[in-house]
Amino acid sequence: MTDAEKTPKKETNEKPKVDVKSKVGIFFEEVSQSSLIIPILAIICGLLLGGVLIALSTEEVYSTFAESPLQAIGNGFKAAWEGYVTLFTGALGSPARISEAIESGDPREIRRAINPVFESLVKSIPYIFAGLAVSLGFRTGLFNIGVEGQLFMGGIFSVWVGYTFKGLPAYIHFPFAFLAGALGGALWGFIPGLLKALTGGHEVINTIMMNYVAFRLTEWLLRIPMKREGSTNPLSPIIEESAELPRFFEPPIRFHTGFFIALGIAALVYWFLFKTKWGFELRTVGANPHAARYAGMNILKNTVLAMSLSGALAGMAGANELLGLNHHLSQSFSPGYGFDAIALALLGRNHPVGVVLSALLFGTLRTGATRMQAVAGIPIDIISVMQAMILAFIAAPAIIRTIFRLKEPKEEEPGVRVSGWGGS
Amino acid sequence: MAPILELKSITKRFPGVLANDKISFSLEEGEIHGMLGENGAGKTTLMNILYGLYHPDEGEIYIRGKSVEIESSRDAIRGGIGMVHQHFMLIPVFTVTENVMLGDEPTKFGGILDRESTAARIRDISSTYGLEVDPGAMVSTLPVGVQQRVEIIKLLYREAEILIFDEPTSVLTPQEANQLFRIMRSLAESGKSIIFITHKLREVLEVADRITVIRDGKVIGTTSPEEADKRKLASMMVGRDVVLEVEKTKAKPTDLTMRVQNLKVLDDRNALTVNGVSFEVKAGEILGIAGVQGNGQTELIEALTGLRHPVEGRIELLGTDITRSTPRQITELGSAHIPEDRQRDGLVLTYPVTDNLVLNTYYIKPFTRRAVIQPEAILENSKDLIEAFDIRTPSPLVGLGTLSGGNQQKVIVARELSRPIKLLVAAQPTRGLDVGSIEYIHGRLIEKRDQGVAVVLVSTELDEIMQLSDRIAVMYRGQVLDIVAIEDATKESIGLLMAGIQAEGQET
Amino acid sequence: MSAETLTKETGEIYVSQTRRRVLGIVFLGVALLIWLVFMRGLDPEMTSTMRLYPGGSTVVVEDWEFNTLNALRILAVGCAVVGAYQLVRGFKNLTGLAFALIGGMFIFAFLSWAASGGRLNLAGMLRIMFIRSVPLTIGAMSGILCERAGVVNIAIEGMMLTAAMVGTIVGSLGTLWFGLLAAVLTGGLLGLVHAVMSIKYRTDQIISGTVINIFAVGITSFVSAKFMQAYPEINSSGIFKPYEIPVLGQIPVLGPVLFRHNIFIYSMIIFVILLTFLLFKTRWGLRLRSVGEHPKAADTLGINVFKTRYMAVILGGMMAGFAGAYFTLGSVGRFDSAMTAGRGFIALAAMIFGNWTPLGAMVAGLLFGFSDALAASLALLRVKIPSEFLLMTPYLITMIVLAGVVGRGQMPAADGQPYIKE
């Protein structure tokens, strides 16, 4: 709708002033405007609501409620506080234990004490890849909810390469297996991309359907063709040692090369999106497909390319997880990285740097929540609830503004818009 | 007697803009009051306030001497106010009856729509005011002129006493416009009071009893057709003396640039919207394509620029067959395109001015080297074009969405005309712009023509077509009825063609 | 929305010759497929048997036995005739019907082939088709309610899942009817959340729906892990008993297939009729649709766009809640995490396929229900397809159907667009 009079704009009548602010200046202005404030407040709100949920699911709260509601509320607070203390020490290590270990001087103890931090980093690796996958889609105006399925395909391909080829040197084998994983994911992204481009079938429904197909396929593969000999469980054979992503420390620290590959890929995605003509095309198609078509860009090619690249990144997440940690394929190797990545990508404003930061946060949360489940009996699914809350606040910054009475931004935020069923 | 409607010192601010500045205005019963102002002067804002779509920051509204608060369109309807919007407020997939009854539906058996009684009332209104329409027809199948009648019937169905017409002639042929004026006259004679919003001087002079001129959100003055003339009104409207005629010399067409033969194009619903169009354009001439909106111009342009592939026919550009070429191939042959819907097709509003200025040249040197975008080159380019095309922007790096409509259009014009081109396809290049921008863009088009570019100008504004074209092709229902040289064309003859009536007097 | 889009009149509809020919060739290909693949190596004496009453039915009908090869010959020739006509003359307006005919013949050919030398319970399959279509059809109607008012609802899945869980818990503690009520209210509450986010705060509607879907997975797994495993008594609601409609239930073949179900199947049919009537015959429906087509036009006529959309989305949520209750209170009797298994998204595809009409949605729901039933029946036959692949069929069919129909239907014009009132 073009209604010139609806939002009249003042003509700037002075001579065109061409003063280019330094890029750094613009960056900081953006940060103070909304880029950082909203995500941080969203995280805080998410954590607060998670705390409420912990309190509500604590039995002591109910048992004491009849006698003293105040006491019950106190108990609720206590439960939530203890839960979060467990979560953060579980994710970052307990300072007391670390200093104790350093005093003892036993390297094994030290490794154990600092392991939580490394474990959080390890858990953030698949999040980096998966978050990049989702955000690359969003940048092109595509909502890839199929990251989970693409991640499984990546896992399948990489593990197959990992155990089938024997006797390859490590410097060939693990890159080969890793790239095979990327290929598997790309294939699973390519199909809904092609369907969208050719028929207009919406990628949201198609990628979700592809997820289920991937899950069923994994079950079948593990039941028959890829089943480990002599095992009664649905597990694949273990990959060759040469296909493993190298680790840096002795056990129990599992920190591996994948972390640096992830950072490298994030940098590559940044360069691709913002520095090359291909990235310019993808972003233009995402920002305004009509204008992109008018400007001679090929919507079909770019849609398929974006979905394939997004799938490839998702496939890397799967490959990384299996080549770096599990070393075999199982039905439940992903706790839902692909779905968590949606909130993560939006939290990171679909920018590779933001995605890496959010991934570190999500890795930390998941590591801590695992510990919290073991120690405090609070189901790990609580982080899904927290993620939903964070996502809600990120997607509707107006809610955050209302709660915290923040000022309206100068310009309307470039909120995420996904295309409707019509296909454009 | 108190006027039927009185606005007292209405003020409305939008972020950064004072859209209405203490506007006072009164409407007498039974008069047609013209409200004249150029695009962006604040007329529509004022009417939207009157209709309850906006809320004024200050000021009061009186109906028949009584102060009223208009919080929503519901209040406006209750106060007897009705509006024919510039963009019709009709639901295409509903029938005429459904559109008319919506919001005020008679029902039977507690909730079931009573379509028959509404249809009967529509026939009643139709015959009283001469507004012929079939109540059972789906709105999407009706021509624009008939759709406008449905809009008027909607108001009469609600027994509105104050009727607002917002730029009602912009979608009509001159003859249809005259018919509308007759309807407005008869409405006024039957006691309705009418506010007629327009930016066309001729129209207010022809139909209004009184004329109020608005500029930059302020009332400049109220006059009457007897006291005013075109020149006076124009200078009131724009704030300076305006050249009413575009200065141009006779065209000197040379080589054939584009040849279109028997072109047939489908629209999105697979309807044959362009049905056998043929024409030629030579270097150094402007071919105007006139026609009422929706007669296939959009699809024709899309076919000429590669955005839509024709099902039959042939398009040649400089001897190359481009019938099935991509937009990029056509652009690279030296064709430029000013798109009809600039915000949808021509610009990325979230991108800075810099990127919008290279939207279709980003991939060539010096903007890209070895696939890597060169921001410095793009910035340099934008600085040059901002200077050369007088684009008013605080910085080349601001988001394009923050610029005014006129400056947005200048960004497109700068991008398209700064390349070495052989053909320019300009669709509605001045729609919704202020007089200054219109003059500027008209000047640029003629300048390009004189440099030997072949120009295809598509416009639904007959005035624009008459001012700029060297030859005029008139489109009606997907066909070009005739192509006439400007010397042989009159507004009346072109208007008749636009309504589908050919010189022999038979309707096609 | 400018007048531009209103005025694509007068042009005749152009029938693409290529499309006609391609379809004709596809139809002939189906004939060839039946002839060359299904009929290959079949013993001419082989028969297929179709059982015409579901297991456990009291209305027994004789089995229908026929010679497989002859049946396949007839079907192949039938497909060839339809294909040839399509190729030469074209069915024009009846192309959809021809398509359905070919589809039907192909499926019957496939079933005959699969049942050759064995027995297929055709009635049982149709019965399962009806049952499996319930969450899809009712879910699709949730989508219709929301989208006809201009709000995309991809949260049907999450609403169904959450409602299924709440329904079980309340149903276990109280009565099944309370459980159903609680499920409907849960759906309505999530509908309200979706409405607030997408209407008031103008969040992208697909993102808003995703929020609810993620929340639903999280909260149901959380409650399931924290409480339902510890206290199994809150996860044993049982199901609504089937009710045989007198007289109708005794009709041979049709009776057991159609008229011996629990309230969910009957509700589905009532909802389809009721919603069709409400949407297209009443003031309520006219206003709801106007808001989804052109909210500004509705606004200028004094219709409260926001209120109407809120109402539609909350009602849509309640409808999804009802569909969710089917999983626990109508089918399984207990809650399992992720038990909706993507049915909410298939329901959306059903809505699109059904062109945003309740009746169309039910036809689509039955189609997807059939693919479910097919997977279940084939598992019992000698067909050597791994069960995992059979379980993929509903998802694959959804993708194929979506590829075929999108863009041909009439989506509400303002679907997915937040309304901004200055």
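# Exercises on a three-chain predicted model

In chain A, 43 residues are in contact with 43 residues of chain C; two residues are in contact if their C-beta atoms, placed from the backbone, lie within 7 Å. This is a predicted model, in which local features need pLDDT of at least 70, side-chain atom pairs count only at pLDDT 80 or more, and totals for chains, interfaces and linings use all residues. Residues are numbered from 1 along each chain as its sequence is written, while chains are lettered from A and ligands numbered from 1 in the order in which they are written.

**Exercise 1. Describe the side of chain A that touches chain C**.

Step 1. Find the elements. Helices (H or I, at least four residues) and strands (E, at least two) are DSSP runs, numbered from the N terminus. Two or more residues each come from helix H8 (170-199), helix H9 (203-223), helix H14 (337-347), helix H16 (382-395) and helix H17 (397-404) of chain A.

Step 2. Find the main contributor. H9(A) gives the most, with 11 residues.

Step 3. Sort the residues by class. Ala, Val, Leu, Ile, Met, Phe, Trp, Tyr, Cys and Pro count as nonpolar, Asp, Glu, Lys and Arg as charged, and the others, Gly among them, as polar. The side of chain A that touches chain C divides into 27 nonpolar, 12 polar and 4 charged residues.

**Exercise 2. Check the length of H4(A) and state where its buried residues pack**.

Step 1. Chain A has 17 helices and 0 strands. Of its 424 residues, 53% count as buried; a residue is buried if 20 or more other C-beta atoms lie within 10 Å of its own, exposed if 12 or fewer, and partly exposed in between, with C-beta atoms placed from the backbone.

Step 2. Compare spans. The expected span of a helix is 1.5 Å times one less than its number of residues. Helix H4 (residues 69-92) of chain A has 24 residues and should span 34 Å, which agrees with the 34 Å between its end C-alpha atoms.

Step 3. Locate the packing. The buried residues of H4(A) include Gly76(A), Ala79(A), Ala80(A), Gly83(A) and Leu87(A). Their partners are helix H2 (37-56), helix H3 (59-65), helix H6 (107-139) and helix H15 (352-376) of chain A.

Step 4. Look past the end. Just after H4(A), Gly93(A) has a positive phi of about 95°.

**Exercise 3. Show how the buried residues of H13(B) are arranged**.

Step 1. List the residues. Ile378(B), Asn381(B), Ser382(B), Leu385(B) and Ile386(B) are the buried residues of H13(B).

Step 2. View down the axis. These residues fall within an arc of 130°, so they line one face of the helix; the arc is that of the directions from the helix axis to the C-beta atoms. An α-helix has 3.6 residues a turn, so residues three or four places apart point the same way.

Step 3. Examine both faces. The buried residues pack against helix H12 (353-356) and helix H14 (405-417) of chain B, whereas the face turned away carries the exposed residues Glu376(B) and Ala388(B).

**Exercise 4. Which residues of E2(C) and E3(C) are partnered with Thr49(C)?**

Step 1. Identify the pairings. Two strands pair if DSSP finds at least two bridges between them. Strand E1 (residues 47-51) of chain C pairs with strand E2 (residues 64-67) of chain C in the antiparallel sense over 4 bridges, and E1(C) pairs with strand E3 (residues 119-121) of chain C in the parallel sense over 3 bridges.

Step 2. Read off the partners. Thr49(C) stands opposite Glu65(C) in E2(C), and its bridge partner in E3(C) is Arg119(C).

**Exercise 5. Is Gln428(B) buried or exposed?**

Step 1. Gln428(B) lies in the loop between strand E21 (423-427) and helix H15 (435-450) of chain B, and its phi is near 45°, a positive value in a residue other than glycine.

Step 2. Count neighbours. Gln428(B) is buried because 24 other C-beta atoms lie within 10 Å.
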